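Dear colleague,

Please find below the sequence and the structure that I am handing over to you.

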Amino acid sequence: MKAFLNADFILQTATAQKLYHDFAADMPIIDYHNHLVPQQIAEDKQFDNITQIWLYGDHYKWRAMRAHGVDEKYITGNASDEEKFMKWAETVPYTMRNPLYHWTHLELQRYFGVTELLNAESGKRIYDHCSALLRTKEYSVKNLLLKMNVKALCTTDDPIDDLAYHKQIAASGFSVKVLPTFRPDKAMGVDDEIVFIEYVNALAAAAGVSIRTLADYKSAIKSRHDFFHAAGCRLSDHGLEHIYAEEFTEEEIEHIFERLITGKSLNKKEKWQFKSAMLIYFAHLDHARGWTQQFHLGALRNNNARLLGALGPDTGFDSIGDFEQAKPLSAFLNRLDSTNQLAKTILYNLNPRDNELFAAMTGNFQDGTLVGKIQFGSGWWFLDQKDGMEKQINALSNMGMLSHFVGMLTDSRSFLSFPRHEYFRRILCNLIGNDVENGELPADMPWLGKLVQDISYTNASEFFNFE
């Protein structure tokens with residue numbers, strides 16, 4: 001029997017162990033998509049205790065605590081930080097076989113040297129130990145990133161953001177590149193026309209222009225795109241249920257925009273036409289600048305209306321959706337490719353039934369202009385766990401080229417989530433190691449070692465070219 005979370009955690013064979021320890025383990029990290037707060041990096045924040053850095057904003061843990069019958073007071077309510085941590089500690093033993101059990105103990109080991117299991121009995125000791133470390137300079141936000149060997153990370157930012165904290169970080173000489181990502185979802189969010197008008201006004205203020213026409217609106221967006229590029233941004237990102245690919249003419253979109261800013265309501269077709277037109281416009285801007293566009297597809301959000309009203313969005317009530325993906329995605333990519341304006345693209349799938357669909361779709365638009373131009377992105381959100389990662393890797397291997405995969409990201413709001421890269425690398429090495437031991441791949445360790453190093457770091461470094 002193997003000890004839990006030992007040096008060979010997940011690595012079932014001698015080949016897997018060699019691939020991980022000799023090749024993957026020490027590779028740097030490029031975390032090209034996350035939701036970290038730039039201000040906390042710029043100010044080199046120190047957290048007072050482990051609850052603040054570990055439980056605040058972590059809807060994965062919140063969902064588990066609710067399922068365990070923990071009162072909301074101890075989740076998002078007014079209980080003390082120590083009380084919240086103790087409720088989490090009580091919950092952890094019951095999360096066995098949920099990825100939270102692995103993540104929790106992996107993070108405790110890698111950051112704090114804690115090897116005992118977290119539970120109700122150990123909770124107070126672990127809370128005091130980790131909180132005391134967090135109050136030392138070695139555990140400031142910047143030092144946590146350095147501890148995990150992070151070379152570059154990309155936050156997620158609205159086009160109206162002034163990027164002041166990104167500029168402050170760059171000016172500080174911090175060795176980790178902290179770059180923005182252009183996330184224009186609100187710029188196409190016309191489901192609530194009043195909220196959209198408020199956004200148009202905010203965009204006008206950020207761009208320093210007056211917006212009266214569609215041409216004004218597009219010009220303002222382009223100016224913000226240029227502003228982000230000057231700050232080092234090289235990626236955009238979109239979080240959508242599915243791609244919008246309605247047919248439209250420029251005249252129709254001009255008319256729709258005029259209706260929007262004069263306070264008139266749109267029907268469903270008009271909303272989808274506007275979203276489709278804006279997606280094409282964003283994609284053209286990305287292509288012109290040589291950026292990579294990312295599409296996170298398939299989330300069914302805000303399912304619990306009662307608790308959404310009480311707690312707001314992003315508090316743990318989103319789920320996997322079952323939207324049609326293939327036809328609109330194909331139409332969208334084909335429209336861009338037909339004018340040779342298809343940028344580097346990463347497609348993230350949230351419904352495991354669609355893994356092969358997404359993996360196969362990427363092959364339709366590889367054009368030989370660069371390695372792995374269209375990527376099937378890593379397991380996302382509900383799928384960034386062992387089973388989900390294995391299924392994504394297998395689908396990509398069967399339908400495309402795993403060798404050119406740009407690898408893992410945290411997609412996290414926590415500075416303690418970077419061991420997810422280790423988790424991914426162990427899973428990758430284990431799959432390849434099993435194939436070698438079964439005689440399904442040759443035992444060419446120099447080549448296989450290069451492959452796992454490329455997927456762990458080098459492919460992303462060359463694909464995004466942040467230098």
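In which helix is Y127 found? Y127 belongs to helix α7, where helices are DSSP runs of H or I with at least four residues, strands are DSSP runs of E with at least two, and both are numbered from the N terminus. The relative accessible area of Y127 is 8%, so the residue is buried; buried means under 20% relative accessible area, exposed over 50%, and partly exposed in between, with a 1.4 Å probe and protein chains only. Between Y127 and N334 there are 207 residues in sequence and 53 Å in space, C-alpha to C-alpha.

Two remarks on the basis of these notes are needed. This is a predicted model, in which local features need pLDDT of at least 70 and side-chain atom pairs count only at pLDDT 80 or more, while totals for chains, interfaces and linings use all residues. Residues are numbered from 1 along each chain as its sequence is written, and side-chain values use heavy atoms, with hydrogens and water left out.

Salt bridges

The structure contains 24 salt bridges (a side-chain nitrogen of Lys or Arg within 4 Å of a carboxyl oxygen of Asp or Glu). Helix α7, which holds Y127, also contributes one of them: D128 bridges to K124, with 2.6 Å between the closest N and O atoms. Both D128 and K124 lie in α7 (residues 123-134), 4 residues apart, which is about one turn of the helix. D128 is partly exposed at a relative accessible area of 36%, and K124 is partly exposed at 37%.

R125 forms a salt bridge with E116, and here the closest N and O atoms are 2.8 Å apart. R125 has a relative accessible area of 40% and is partly exposed; E116 is also partly exposed, with 33%.

A further salt bridge joins the side chains of R259 and E270, at 3.9 Å from N to O. This pair links distant parts of the chain, with R259 in helix α12 (residues 250-261) and E270 in helix α13 (residues 268-289), 11 residues apart. R259 is partly exposed, with a relative accessible area of 22%, whereas E270 counts as buried at 15%.

Salt bridges also form a network that links R110, E422 and R426.

Aromatic rings

A pair of aromatic rings is described by the distance of the centres and the angle of the planes. There are 24 aromatic pairs in the structure; rings of Phe, Tyr and Trp (its six-membered ring) pair if their centres lie within 6.5 Å, and planes under 30 degrees apart count as stacked, over 60 as edge-to-face and the rest as tilted. Among these pairs, F405 and F424 are edge-to-face, at 6.1 Å centre to centre and with 70 degrees between the planes. F405 lies in the loop between α17 (386-399) and α18 (419-437) and F424 lies in α18, so this pair ties together parts that are 19 residues apart in sequence. F405 counts as buried at 0% relative accessibility, as does F424 at 2%.

The ring centres of F463 and F464 are 5.2 Å apart and the planes are at 85 degrees, so this pair is edge-to-face. Both F463 and F464 are buried.

The charged end of R224 sits over the ring of F227, 4.3 Å from the ring centre (NZ of Lys or CZ of Arg within 6 Å of the ring centre and within 35 degrees of the ring normal). R420 places its charged end over the ring of Y60, 5.3 Å from the centre.

Helix packing

Which helix packs with α17 at an angle of about 40 degrees? Helix α16 (residues 355-363) does, with the two axes 9 Å apart; axes are lines fitted to C-alpha atoms, for helices over the stretch in contact, and angles run from 0 to 180 degrees between N-to-C directions. That angle makes α16 oblique to α17, given that under 35 degrees counts as roughly parallel, over 145 as roughly antiparallel, 65 to 115 as roughly perpendicular and the rest as oblique. The crossing of α16 and α17 is right-handed (the near helix is turned clockwise from the far one by less than a right angle, and anticlockwise if left-handed).

Helix α4 (residues 59-67) and helix α5 (residues 81-91) have axes that come within 10 Å and cross at roughly 70 degrees. α4 is therefore roughly perpendicular to α5, and α4 passes α5 in a left-handed crossing.

With kind regards
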